[in-house]
Every structure is written in C-alpha cells, then in structure tokens.
Amino acid sequence: MAQTKDRLHGTLDALILKTLTFGPRHGYAIVRWLREQTRDSLQVEEGSLYPALYRMERDGWIESDWGTSELGRKAKFYSLTDVGRRQLRAQTKEFASFVAVVAPLLLPT
Amino acid sequence: MKRAFWRTPVQEEVDAELAFHLEMTTRELMERGMTKSQARGEAERRFGDVNSVNADCRRFGDQRDRRAERAEYWGELRQDCTFTLRQLAKSRGFSTVAILTLALGIGATAAVFSALDAVVLRPLPFGYSERIVEVLPTRRGEIAGASAPEFIAHRNSHVFEHVAGAVLGSGITLKFGDVPEVMTVGRVSSEFFDVFNVKPTLGRMFNRLEDAPGGSRVTLMSHRLWATRYNEDPNVLGRPIELDGIPHTLIGVMPASFDFQPEDLWVPLALTPQQTASYSELFLTIFARLNPVMSAELAQKASTSTERVLAERIPDRTSPVTEWGTNVRPYVEELAGGFGSRLVILLGAVGFVLLIACSNVANLLLARGTSRAKELAIRVALGAGRGRLIRQLLTESLVLAIGGAVLGLGVAYAMVRVIVAVSPQGVPRLEQAGIDWRVLTFTLALGVVSCLLFGLLPALRSVGPRLQTTLREGGRQSRGSGRDPLRSVLVATEVALAITLLIGSGLLIRSAWMMQHVDPGFDPRGVLTARIMLPAARYADAAAITRTYETIREHAAGIPGVSSAAVISIVPMSGSQAASSVLAEGHDEDAVRPQANLRLVGPGYFATMASRFVAGRDVTRDDNASAPLVVIVNKALAEKLWPGVAPRAVIGKRLDALRGKKSGHLMEVVGVVADVHEESLEQTAKPAFYVPIEQTPENLWPLIQRSLVVVIRSANPSIDADALVRPLRRAVAQVDPSLPLADSRSMISLLKGSLEAARMNTILLSMLGGIALLLAVVGIYGVVSYFVTQRTHEIGVRIALGATPSLIWKFVVRRGLTPIVAGLVVGLFLSSITMNVLRGQLYGVGVHDPLTQIAVGVLLGVVGLLATYIPARRAMRVPPVVALQEG
C-alpha cells in the first residue's frame with residue numbers, strides 16, 4: 001500500500017519536473033499544462049501540487065523566483081535545477097522499468 | 001543564490017502564491033461562462049483543503065529557508081577559512097609561532113588529562129564500578145585491618161549488596177615443570193567476584209561449599225597468567241595445578257579486563273572456625289558493592305553501627321564501643337592512591353601553561369590586529385558588518401587553535417610516554433593512557449576554549465570604534481598603539497603564572513635535594529634482598545622453619561664475596577608493612593596502645609644492613625624458644641614508650657606485644673637501634689620493634705606464610721648487588737631445590753623506587769616550569785620589541801633632540817619592566833595561596849620557602865631583563881635620520 005502511494009507521489013513529482021523542462025512556469029500554469037496534455041483525464045486536487053513544489057524546492061530540485069505573469073500579475077515562477085534534471089531522469093527510468101514489469105501482467109496481449 | 005531577492009516571510013509567500021492560483025482559476029472559469037461566485041466556488045472545490053495545503057507549504061518553506069541559511073553560514077565559513085589559510089600562509093612566522101605555542105600548551109594539557117583519565121576518571125570495565133567500595137574498620141578514626149567476625153557481620157548486615165573478604169597480594173609457589181616460581185595469589189571469599197561484577201571468561205567461579213574449610217581445593221587464574229604461560233589453551237580447565245606443593249583444580253580463567261589486579265591466581269578464603277571466632281587477627285580486607293540507593297557516606301554510617309553492635313559482644317574488648325567505626329572508600333580512588341592527587345596538581349600546572357600559551361597568542365594577535373587595522377577598515381567601508389568581521393577574526397583564531405590542537409596531539413603522544421616513564425611503578429591502569437577518542441574530544445574542546453580565550457579580546461579590539469580613524473589617517477598608526485595596556489596586562493599575567501609554576505617546581509626540587517641527604521638508617525650499597533617462602537606442606541612447625549632459615553643464612557654467608565648474611569621479615573622501602581600494638585610494663589592497660597612496626601629478625605641483621613646500635617646488643621642464636629623473651633626497639637619506640645629516658649636506661653625494660661595480656665609474656669629490651677626509614681625517605685621513621693625469629697609466636701608463621709627476606713652484603717660496596725642473585729639462588733637450592741626466590745632486589749633499587757613517586761612531579765613540574773619561563777620570556781620580548789618598532793620614529797626624534805643612549809635605554813626598558821614587576825608581585829601572591837596543594841609532597845622545606853621565592857624572582861627578573869635587552873639595544877641604535885624620513 002505504502003509502495004503504491006510512493007509511486008503515485010513520485011509520479012506527480014516526475015510530472016511536475018517534466019513540465020518544467022520546457023521552461024520556468026508558475027503553479028497555475030503547471031496545473032493547466034498537465035490538464036491540457038492529459039485532456040482533463042488526470043484528476044488531481046490542484047492544491048496538492050503546491051506542497052510538492054515547496055518540498056522539491058526545499059530539496060533543491062527546483063528553484064523559484066518572483067516574476068510577472070502573462071497578464072501582468074506578480075507570480076512565483078519555478079525552474080528546474082541540475083539536481084532536479086538528474087532526479088527526473090532517474091524517476092523516468094524507474095517508471096519505465098515499473099511499467100515494463102507490470103504491463104505484461106495487467107495488459108495481456 | 002537567488003534567496004536574497006525575496007527575503008519575505010514564508011507565510012506571505014505562500015498566501016500570495018495560493019491566492020494567485022485561485023484567482024487565475026476563477027478567471028478561467030468565468031471566461032467559460034460561470035458567474036463570479038460560481039467560478040470562485042468551483043475553483044476552491046478543485047483546489048481542495050486550502051488550510052492544510054497552506055500549512056504544508058509553510059512547513060516545507062520554513063525548512064527550505066533554514067537549510068539555505070545553514071548553507072550560507074557554511075559557505076561563509078569556508079570562505080573565511082580559505083581566506084584565513086591564505087592570510088596565515090602569507091605571515092608564516094606568525095602562524096608558526098602561534099601554532100607551536102598552542103600545540104605546546106594544548107598537548108601538555110591533553111597528555112596529563114590522558115593519564116588522569118586512565119588512572120582515575122575512567123570507570124572500571126565492570127558495570128556500576130563506582131559502587132565498589134572498600135570497607136575499612138577504624139578505631140578512633142585510625143584505620144585498622146578487619147577480622148573475620150567483622151567481615152561476617154558486614155556480610156550479614158544488608159547495608160551492602162555484596163560483601164567480600166580477601167587477603168590479597170600474598171605469594172604462592174607454582175611449579176612449571178621442575179621450576180618453582182612465585183605467583184601472587186588472592187585468598188578471597190566467594191562473593192569477591194560479585195562485588196566486582198565480573199565473571200570468568202572460561203569456566204566458573206568458586207561456590208560457597210568450596211569457600212569453606214575442607215572444601216575441594218580449587219583455583220581461578222588471571223587472563224595474564226593464562227595467556228603468558230598456557231598460550232590461552234582452553235583445555236586447561238580441570239587440570240591439576242600444584243600450589244605450594246598442594247594439588248588444586250583449575251576451575252576458571254578471569255577476563256583480560258580483570259588484569260589490572262596484581263593477582264595471578266585466586267583461591268577460596270575458606271575461613272576456619274578459629275578465624276571466625278578471633279577478633280584480634282586483623283588480616284582481611286573487606287570489599288563491598290553499595291546498594292544502588294546508598295551513598296558511600298550513608299553506608300559508612302550504617303556499617304559503623306554494624307561495628308558497634310559487634311563490639312558490644314566482644315568480652316575482652318580493649319577499646320570502648322564508641323571508638324569503633326568504619327571508613328567506606330570508593331575503590332577507584334583507593335586504586336589510584338596518592339597518584340590521583342599528584343595528577344590533579346599536574347593538571348593544574350599544565351592548565352597554567354595553556355593559559356600562558358593563550359595569552360602569548362592573544363598578544364601576537366593584538367600586534368597583528370594593529371598592523372591589519374587598515375585592511376579591516378577598508379572591509380568595513382566596503383560594507384562588511386562588524387559581526388561578520390569578528391566572526392572572520394574568530395575563524396582565524398579557530399584555525400590556529402585547531403592547528404595547535406592537531407599538532408598538540410603529537411606533543412601529547414610524546415608527553416604521555418614521558419609521564420609513564422617517570423611515574424612510579426605499579427600505578428594501576430596507567431599503561432592504558434594514550435590518545436583515544438576521549439582524549440581526542442578533550443583536545444579539540446581545549447582548542448575551541450583556547451580559541452575563545454586568546455581570540456575574542458583581540459577580535460573585539462580590532463573591530464573597535466577606532467577603525468574609521470585608522471582609515472582617515474591613511475593606515476598610519478599614530479595613536480599610541482605601543483602603549484596598549486591590554487598587552488602589558490597579558491604579559492604580567494604570564495609572568496605571574498610562570499612564577500607560580502617555577503616556585504612549585506623549585507620547592508619540589510629543593511625537597512628532592514633534601515631527601516638525597518637524608519640518612520636512611522642503613523647503608524644500601526652492595527646489599528641484595530630476596531624473599532623466600534616455605535610451603536606449609538613440608539615446613540609445618542616453627543622449629544623446622546627457623547632451622548631451615550638458619551641453614552639458608554649459613555649457605556648465603558658462604559657465597560664468595562659476601563661478607564655477611566641475615567634474615568628479617570620485611571626490609572625497608574619494600575612497600576610491605578606489618579604493625580602491632582605494644583604496651584610497656586607498668587603502663588595503663590586500658591589506655592590506647594601505641595602502634596609500632598613489627599619485624600622478625602635473625603642474628604646479624606643490623607650488622608649486615610650497617611644499622612647503628614644506640615645501646616645494648618643484637619639478638620643471638622642463644623635467644624631461642626627456651627630462653628627468656630627478648631626484643632630490640634628502635635629509638636622512636638623507646639622515646640614513645642619511655643619518654644625522657646636515656647637509651648642506655650631503656651635496656652632491661654619490658655614490654656608486651658603479640659601475645660595478649662592474659663599470657664603475661666613480657667619481652668625484655670636488650671638493644672636500642674637507630675631509626676630506619678621504613679616506608680620512604682620523606683616519612684619520618686616510625687616506632688618499631690624487632691623480635692628474634694626463634695622466639696616468634698607459633699601462630700604468626702602461617703599469617704606471614706612462613707616467609708622471610710634474606711639479606712646479603714657484598715664485601716665490595718661498589719659492586720652491583722644484582723650480580724649476587726644467581727649465587728644466592730644456587731645457595732638456596734642447595735638447601736631445598738623447590739624453593740624459589742621472590743622479589744630479588746638490590747637495596748639501592750628499593751631506595752630509588754621509594755624516591756620514584758616524588759621524582760615524577762619533580763621532573764614534570766620542572767619541565768612545565770621551564771616551558772612557562774620560555775613562553776613568558778617570548779611574551780616579554782614580543783611586547784618590548786613591538787613597542788620599539790612602533791616608536792622608532794619617536795625614538796629617532798628623541799635621539800635627534802639629544803637624548804643620551806641611557807635615557808633611551810630607560811625609556812624602553814621601563815616598558816618591559818612594568819609588566820615583569822607587576823607579574824612578580826601578583827605571582828608571589830598567587831603562589832603563596834596555591835602552594836598548599838604541594839604540602840603533602842614536600843620534604844624538609846616549607847610551602848612559603850623564602851629561598852625558593854627569592855631564587856625564582858631573581859631568575860625571572862634576570863631572564864626578563866635579557867628579553868628586553870635585545871630590542872632595547874636596537875632602540876639605542878636608531879639613527880636620527882629615521883625621524884626625518886618617516887616624518
């Protein structure tokens with residue numbers, strides 16, 4: 001059970017990091033991007049994104065800076081650090097091997 | 001780091017960010033056609049629990065900020081360190097002197113701590129070793145031995161968790177093949193190992209049945225003996241071992257951690273019914289383990305009442321019940337003996353050296369601070385905060401201190417060896433002294449403390465309010481920096497501490513010198529001593545024992561080159577003791593009887609030792625069992641028993657000892673000998689009486705294990721008496737080849753051994769005094785030569801204006817002399833109050849010995865003047881041109 005939760009947790013982290021590979025974004029933009037890419041099928045509580053952002057910033061995966069949004073509002077922009085980039089690579093690899101192991105069992109051809 | 005740009009509180013940051021998100025979502029939903037309130041509601045629903053999200057974010061945000069601060073701090077520290085290392089590398093002379101000085105101070109302190117830790121502070125390797133105590137019965141506060149009934153009373157009293165009786169340190173013959181060797185044996189009751197909370201690594205302890213007369217003969221062995229003689233063979237258990245000719249079964253081997261005990265073997269005490277009924281045989285040592293709830297003080301009160309309850313029941317008690325008591329002492333302290341207090345004194349002394357070292361480095365830093373004033377002023381002008389600068393200066397001190405501590409470890413390592421080398425033999429656990437993590441921690445802590453000691457004041461001083469002025473003046477030091485009173489105070493402190501140390505070592509050297517000139521009461525040159533024990537199996541009765549010793553004496557006297565031979569129960573300076581109370585005929589039987597050393601002596605002993613007779617004669621072979629009882633007393637006992645009576649008149653007087661008043665056997669004094677220093681040269685000779693061996697009470701022989709010391713004197717006093725060991729062994733083997741020689745020592749080496757204890761602190765304190773003097777001189781030199789450098793300009797002007805060299809000389813020397821004189825005065829005062837700690841170690845010289853004080857004062861004055869002389873001479877040679885050039 002705990003393992004599943006960790007995996008979901010890790011998946012959200014990886015998704016956020018992936019989003020930031022395209023350049024600095026603020027929290028709202030990350031949520032929108034995720035929703036658009038998955039065509040609304042990824043239903044996460046938007047709020048849970050922020051603790052994840054703060055945690056990853058604490059751990060040095062991402063860093064933040066106040067900037068101006070498209071609408072001229074002050075917003076906090078997150079960008080990827082080198083540590084974060086390495087983290088993303090590791091998590092993607094892990095996810096791929098997870099899928100490789102689980103897929104043949106759950107998706108028999 | 002981008003952190004600096006938004007140093008807003010985390011709370012505001014989170015609030016703003018979440019508000020932004022909700023607002024953007026609301027706007028998006030409104031664009032899709034919702035009303036404002038609908039959109040707001042939907043946005044909040046999608047967001048989830050705002051409060052808990054907010055709290056999580058804040059928590060992570062706080063952690064993030066703290067981490068960042070820490071990273072910043074370490075980053076700055078690293079910066080400071082690299083900067084410092086660069087700075088120190090630039091001024092190599094300064095760094096070398098500072099680090100060496102600190103290494104000396106820190107290293108010496110760490111070394112003494114290491115010894116103190118090993119001997120006193122470290123708990124014994126058994127659980128709750130602080131609860132192990134010795135219970136010493138007392139009469140009128142004076143410590144006496146313990147009788148078996150006393151031991152049993154304490155064991156039954158429930159004051160202690162475990163109580164054991166023991167006779168430790170006696171000798172026993174163990175045969176390896178055909179060669180008999182003397183081993184140290186402990187006769188202990190079955191609770192002995194429970195008291196120490198130690199179990200055999202191999203086999204088992206003896207039980208209560210074995211610890212009773214007639215129980216099977218069993219023995220335990222020390223790990224040391226097992227390792228050195230049996231190659232740690234696990235199959236030794238159950239093997240028969242012949243002790244004093246009697247077969248025993250080996251039932252266990254004690255762990256290596258118990259090797260600090262001098263015993264090689266332990267056998268059951270097995271008290272006989274006679275022993276458990278006798279109140280007068282004080283042969284036991286009582287060890288006990290305190291109840292967890294009891295302090296040693298409480299246990300002493302409780303066990304005192306045990307003694308008094310017991311005393312009530314003794315029919316022929318010689319002293320009133322209220323005089324009975326106990327002294328309960330922690331075993332660890334007892335183990336260290338007087339050595340612990342010597343080490344504490346030493347620790348105080350090295351602490352002084354460390355203080356001197358610190359004030360020296362502080363002095364160096366102050367000098368450096370003035371010459372660096374410009375650099376610091378610029379940094380302040382560029383926006384560095386004062387706090388930040390102080391931190392950087394302290395980092396510099398810390399780097400120096402740690403450098404000193406690391407190098408100090410090397411000093412400590414070397415010095416521990418010196419301490420071990422000059423320490424008296426047989427200090428328990430001293431060999432364990434070394435550099436372990438405890439010493440390492442202590443050393444590093446010393447480094448940090450000394451960093452604060454020497455670094456804080458100079459740092460505060462350098463960043464003081466005068467910095468701006470410095471900048472304005474273009475970095476030229478026109479303020480009277482050579483006049484900094486702090487530096488003179490530091491030098492005065494050094495001088496005061498150095499004087500105290502020097503007076504301490506001076507007093508010890510004086511007493512060592514006095515001791516060399518004490519007449520021990522015998523002539524040790526060319527005299528060899530060796531102990532012989534006759535096993536009970538073959539030498540049962542007194543007649544056989546005395547006959548054998550006489551034969552041995554004859555054979556020993558026949559060795560070529562030996563002028564005379566004799567036997568005695570205990571030789572001087574050997575560390576053994578035996579005493580008994582004595583009563584002069586006609587004296588009040590109920591009064592407190594004086595204690596006197598008891599010696600059993602054969603004919604010719606005093607001649608062999610070259611001891612002087614004051615009156616009367618020696619014992620002869622005619623003073624045998626059937627002849628009237630005779631005794632020889634020393635001058636001290638004669639004066640104690642018959643004060644004011646001339647020695648010649650003491651001959652023929654009679655006294656009672658050893659036999660109890662009911663038997664009425666009085667011994668007649670036939671001779672008075674000059675006092676002999678028995679325990680050590682610094683202790684005045686105690687009263688003593690000598691009983692001829694053939695008249696020794698029969699029951700005494702088993703108590704002393706039928707053991708006497710053979711003393712032989714070489715005809716040639718300059719010969720090394722140790723050369724006589726082999727001939728003596730051969731001579732004894734002719735009498736009985738199974739008899740080993742134990743403790744064969746020349747009288748010279750015994751005498752030296754008794755000086756060892758005093759020697760240790762004399763050597764070490766003199767070393768420390770020398771270091772202190774050196775450091776103080778460096779300090780004085782530093783202050784004066786710095787003064788000259790700072791005042792070169794002024795001196796030049798003075799010379800140009802016609803000042804004579806002698807005026808300049810006075811001008812400069814006054815600078816050095818003021819702190820020296822102030823330090824002298826304070827130091828003499830300081831030593832007058834601290835020297836009391838040495839009182840117990842001095843011989844023939846008072847703690848306020850004026851000769852030592854004057855000598856040390858003159859020494860420091862002369863050396864201090866020399867230290868000012870060199871820079872002063874430089875000052876007198878300043879060419880007047882300097883004044884013009886620098887103006």
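**Exercise 1: The fold of chain A**

In chain A, 49% of the contacts between residues at least 6 apart in sequence join residues at least 24 apart, where two residues are in contact if their C-beta atoms, placed from the backbone, lie within 7 Å. The model is predicted: local features need pLDDT of at least 70 and side-chain atom pairs count only at pLDDT 80 or more, while totals for chains, interfaces and linings use all residues. Residues are numbered from 1 along each chain as its sequence is written, and chains are lettered from A and ligands numbered from 1 in the order in which they are written.

Task: State which elements chain A has and in what order they run.

Solution. Chain A has four helices and three strands; helices (H or I, at least four residues) and strands (E, at least two) are DSSP runs, numbered from the N terminus. Read from the N terminus, their order is α-β-α-α-β-β-α. Of the 109 residues of this chain, 28% count as buried, that is, with 20 or more other C-beta atoms within 10 Å of their own, the C-beta atoms being placed from the backbone.

**Exercise 2: The sheet**

Task: Determine the order of the strands in the sheet of chain A, and explain why one side of β1(A) and of β2(A) is left without a neighbour.

Solution. The three strands form an open, antiparallel sheet in the order β1-β3-β2; two strands pair if DSSP finds at least two bridges between them. β1 (25–26) and β2 (62–68) of chain A are at the edges and have a single partner strand each, so one side of each lacks a neighbour in the sheet. Next, β1(A) is joined to β3 (residues 74–80) of chain A by two bridges. In one of the pairs, His26(A) has Phe77(A) in β3(A) as its bridge partner.

**Exercise 3: Confidence**

Task: Find where the confidence in chain B is below 50.

Solution. The pLDDT, the predictor's confidence in each residue from 0 to 100, has a mean of 84 in chain B, and 94% of the residues of chain B reach 70 or more. Over residues 1–6 of chain B, however, pLDDT is below 50. Residues 474–482 of chain B also stay under 50. Where pLDDT is low, the predicted coordinates should not be read in detail. For the complex, the predictor gives an ipTM of 0.88 and a pTM of 0.69.

How values were computed:
Buried ≥ 20, exposed ≤ 12 C-beta atoms within 10 Å, placed from the backbone.
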